Amino acid sequence: MTEQIIYFSLEQFSQQVPLAPEHIVEIVHLGIVEPAGREQRNWQFDIDMLATARQAWRLHRQLEIDWPGVALAMQLLQQIDDLKRENERLRAQLRRFIVID
Amino acid sequence: MEFKDYYKILGVDEAADDKAIKSAYRKLARQYHPDVSTENQAEEKFKEVTEAYEVLKSPEKRAEYDELRKYGQGGRFQPPPGWQSAGGGDGYYEGDFSEFFSSIFGNRGGDAGFGGFQRGAGGGRSYAIKGEDIETELPIFLEDTLSEESKTIEYHLPQVDAQGRRVKVAKTLKVKIPAGVSDGERIRLKNQGGPGYNGGANGDLYLRIRLVPHPLFDVQGHNLLVTVPIAPWEAVLGAKIVVPTLEGKVNITVPANSQAGQKLRIKGKGLQTKTGRADLFAVLKIVVPASSDAAAQAQWQALQEASQFNPRADWQ
């Protein structure tokens with residue numbers, strides 16, 4: 001029952017998000033999700049891409065941001081997330097050597 | 001139930017026009033959007049704001065709401081007897097709106113759910129709809145990532161009760177967590193999400209793995225770091241010491257003249273990867289006794305007099 005590696009075709013992915021195929025194609029072209037497979041008919045999406053596409057759709061719909069704006073927002077959000085994690089990790093390590101606030 | 005003042009929630013005047021309402025919503029949505037906001041209870045506030053906008057942006061719903069608002073100014077709210085919402089319901093609940101909202105507008109969700117999909121012709125009420133997918137975080141101890149683990153998880157499923165209200169039902173499930181999961185990774189449990197409607201399949205449950213911080217080990221990719229305190233003489237003379245790993249202890253050799261912060265690799269004692277085991281690194285930390293007696297002090301003194309070492313040579 002536990003599944004780790006699952007791939008969706010464009011059609012399956014479109015139903016899962018759910019977001020119409022033409023929008024999926026657009027967010028792929030903008031680099032928001034990067035499926036495996038060169039040709040559109042061979043695209044394979046994984047479950048992390050599903051979460052990413054859903055987030056993109058939420059931002060597009062709920063904040064009324066156009067797709068290129070969503071791509072930029074998501075890139076910046078990812079950078080913030082990476083920096084936060086890096087910061088947490090370094091602080092945890094540093095705390096073992098010195099007293100920090 | 002509690003009366004919701006949608007004008008107050010959006011911070012607009014009763015007479016506000018569509019443009020002012022839209023502008024107020026956009027500003028608050030950006031402020032509280034759960035994907036973006038760092039504010040406390042952003043999600044709750046965002047839902048409130050969305051619900052307020054859902055009502056006030058639609059002339060039909062707004063008119064209905066304005067009518068009812070006359071009854072509810074005191075705080076507690078009961079719809080007047082025989083109140084019938086003017087619009088029909090879609091037969092299933094899509095938006096995550098309050099009891100107050102559904103008492104007025106029934107099951108009419110927003111136009112929120114389907115990106116560019118047609119929702120079925122003529123307000124059709126019988127088409128099958130897949131249940132909601134649920135994502136929840138699953139904290140995992142580092143020790144538990146080394147082998148396949150069975151874990152009992154508890155999560156909440158959205159359901160619609162007999163009165164058409166949206167409720168959360170607790171559910172427990174025993175799941176097998178595969179060996180070698182990493183932080184942030186997702187696992188899908190098919191059909192364990194929200195119930196489908198009109199014969200539609202259940203949604204799926206997604207577990208997002210979160211590695212719990214460990215008192216001894218820090219995670220760096222798949223490698224682990226353990227900070228090892230050593231005495232100054234162990235650093236200078238070298239030593240054989242015992243270091244903890246995720247499974248038992250190992251003996252390692254600290255080479256002579258080791259520096260603080262130096263890393264010693266212990267092969268194959270890191271986290272499980274898809275192909276094998278990553279490494280554990282012992283990071284040396286030189287610690288000095290909290291106090292020393294006269295005899296020890298005399299020995300340090302002798303060392304100081306004999307040594308030419310200048311630790312701040314680089315500053316010159």
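Colleague: What makes strand E1 (residues 2-3) of chain A and E4(B) a pair, and in which sense do they run?

Modeller: Two strands pair if DSSP finds at least two bridges between them. E1(A) and E4(B) are joined over 2 bridges, so they meet this definition. Their sense is antiparallel. Within the pair, Glu3(A) stands opposite Arg188(B), and Thr2(A) has Leu189(B) as its bridge partner. Please note that this is a predicted model, in which local features need pLDDT of at least 70 and side-chain atom pairs count only at pLDDT 80 or more, whereas totals for chains, interfaces and linings use all residues. Residues are numbered from 1 along each chain as its sequence is written, and chains are lettered from A and ligands numbered from 1 in the order in which they are written.

Colleague: Why do E1 of chain A and strand E1 (134-140) of chain B stand at the edges?

Modeller: The open sheet has the order E1(A)-E4(B)-E5(B)-E1(B), with mixed pairing. E1(A) and E1(B) each have a single partner strand, so one side of each is left without a neighbour in the sheet. Helix H3(A) packs on this sheet and touches E1, E4 and strand E5 (205-211) of chain B. The direction of H3(A) makes about 95° with that of E4(B); such angles run from 0 to 180 degrees between N-to-C directions, with axes fitted to C-alpha atoms, for helices over the stretch in contact.

Colleague: How many residues of chain B are in contact with chain A?

Modeller: 27 residues of chain B are in contact with 27 residues of chain A, where contact requires C-beta atoms, placed from the backbone, to lie within 7 Å. E4(B) supplies the largest share of chain B's side, 4 residues. That side divides into 12 nonpolar, 5 polar and 10 charged residues. Here Ala, Val, Leu, Ile, Met, Phe, Trp, Tyr, Cys and Pro count as nonpolar, Asp, Glu, Lys and Arg as charged, and the others, Gly among them, as polar.

Colleague: What span is expected of helix H3 (residues 42-56) of chain B?

Modeller: The expected span is 1.5 Å times one less than the number of residues. For the 15 residues of H3(B) this is 21 Å, and the helix reaches 21 Å from its first C-alpha to its last. Helices (H or I, at least four residues) and strands (E, at least two) are DSSP runs, numbered from the N terminus.

Colleague: Which residues of H3(B) are buried?

Modeller: Among them are Phe46(B), Val49(B) and Leu56(B). A residue is buried if 20 or more other C-beta atoms lie within 10 Å of its own, exposed if 12 or fewer, and partly exposed in between, with C-beta atoms placed from the backbone. The cover of these buried residues includes helix H3 (47-62) of chain A. Over chain B, buried residues make up 22% of the 316 residues.

How values were computed:
Two residues are in contact if their C-beta atoms, placed from the backbone, lie within 7 Å.
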